Amino acid sequence: MKIIRSKDDLRTLRRSWIFKGERVAVVPTMGALHAGHLSLVEVAKKNADRVIVTIFVNPKQFNNPADLDKYPRAEEDDAAKLKPFGVDALYVPTPDQIYPDGFATNVHVSRLTEDLEGAHRPGHFDGVATVVAKLFLQTRADVACFGEKDYQQMLLVRRLSEDLDIETEVLGCPTIREDDGLAMSSRNVRLSQKDRAIAPALKSELDRAATAIRRGADIRVALNSAKAQIENSGFDKVEYLDLRDATDLSPVSSLDRPARLLVAAVLGDVRLIDNIPV
């Protein structure tokens with residue numbers, strides 16, 4: 001596995017693959033890799049001849065500087081985790097390779113980003129869209145793998161690629177969970193022992209609400225009940241809990257099309273998100 005830090009070296013390697021007619025996949029990450037990330041690598045391997053994993057802790061998608069400072073960084077461990085998977089290149093660009101001096105462009109995807117995560121993390125999705133556009137253009141990947149845990153982000157990236165005619169197909173991959181149901185996340189390591197025991201309630205209440213809605217319960221009543229139960233379980237605050245159209249995240253008042261139940265809640269000093277299909 002080659003470790004590459006400059007876009008010029010990446011392009012040289014990429015050109016050699018293009019010359020051979022090889023299909024390339026990219027798995028963009030911010031590092032601190034866990035089984036969820038590695039499942040994306042497995043999907044990438046099945047859909048391409050060559051796989052690039054990127055690690056870049058993107059400052060533009062953190063609206064809270066303290067959150068950026070706390071984000072775990074473990075490049076050596078991450079590289080070791082990737083080696084058994086036959087990854088061809090680990091791209092760890094230095095900041096100037098993504099945001100050189102004078103960088104003045106911002107990518108904004110409207111509608112999809114205006115509420116849910118967008119309402120609670122101002123500027124976050126602009127940072128995501130900008131760095132993903134850069135990584136897609138630098139890698140020139142045929143396919144990119146994104147986890148459905150960050151469902152709103154996945155839809156944003158798919159919309160971005162389609163709107164800007166970037167020839168990178170965006171694959172959504174199932175959320176990988178711990179045995180107790182908690183969605184895997186690099187943030188989970190920051191949970192205290194007490195809070196880690198509480199955290200699975202998030203998924204449990206999503207499941208309970210989804211079951212009630214499928215059985216014909218009033219959607220708003222089911223959501224309000226789930227929110228109350230999450231907070232009663234020990235979460236400090238539920239920032240949002242809503243049922244949305246699975247394609248464009250528009251509000252859903254009746255279960256007459258594929259939908260997604262999405263939640264964000266704060267536990268201690270950790271913000272957790274999750275979602276499930278309904």
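1. Let me start with R244, which has quite a list of neighbours. Leaving aside residues up to four places away in sequence, R244 touches D115, L116, L249, S250, P251, V252, P258, A259, R260 and L262. Please keep in mind that this is a predicted model.

2. Two of those neighbours also meet the R244 side chain through polar atoms. With D115, the link is a side-chain to side-chain polar contact of 2.8 Å. With L249, the backbone oxygen lies 2.9 Å from a polar atom of the R244 side chain.

3. Is R244 buried or exposed? Its relative accessibility is 7%, and buried means under 20%, so R244 counts as buried. As for its place in the fold, R244 belongs to strand 7, which covers residues 237-245.

4. V27 and R244 are 217 residues apart along the chain, and 26 Å separates their C-alpha atoms.

5. Six strands make up an open sheet with parallel pairing, in the order 1-4-3-2-5-6. The edges are held by strand 1 (2-4) and strand 6 (169-173); each has a single partner strand, so one side of each is left without a neighbour in the sheet. On average, neighbouring strands of this sheet are turned by 25° against each other, direction ignored.

6. One pairing is worth a look on screen. Strand 1 runs parallel to strand 4 (residues 89-91), and three bridges join them. Within this pair, I3 stands opposite L90 of strand 4.

Methods:
Residues numbered from 1 in each chain as written. Predicted model: local features only at pLDDT ≥ 70, side-chain atom pairs only at ≥ 80, totals over all residues. Heavy atoms only, no water. Pairing = 2+ DSSP bridges. Helix = DSSP H or I, 4+ residues; strand = E, 2+ residues; numbered from the N terminus. Axes fitted to C-alpha atoms, helices over the stretch in contact; angles between N-to-C directions. Buried < 20%, exposed > 50% of the residue type's maximum accessible area, 1.4 Å probe, protein only. Contact = heavy atoms within 4.5 Å. Polar contact = N/O pair within 3.5 Å; in protein donor to acceptor, adjacent residues only side chain to side chain.
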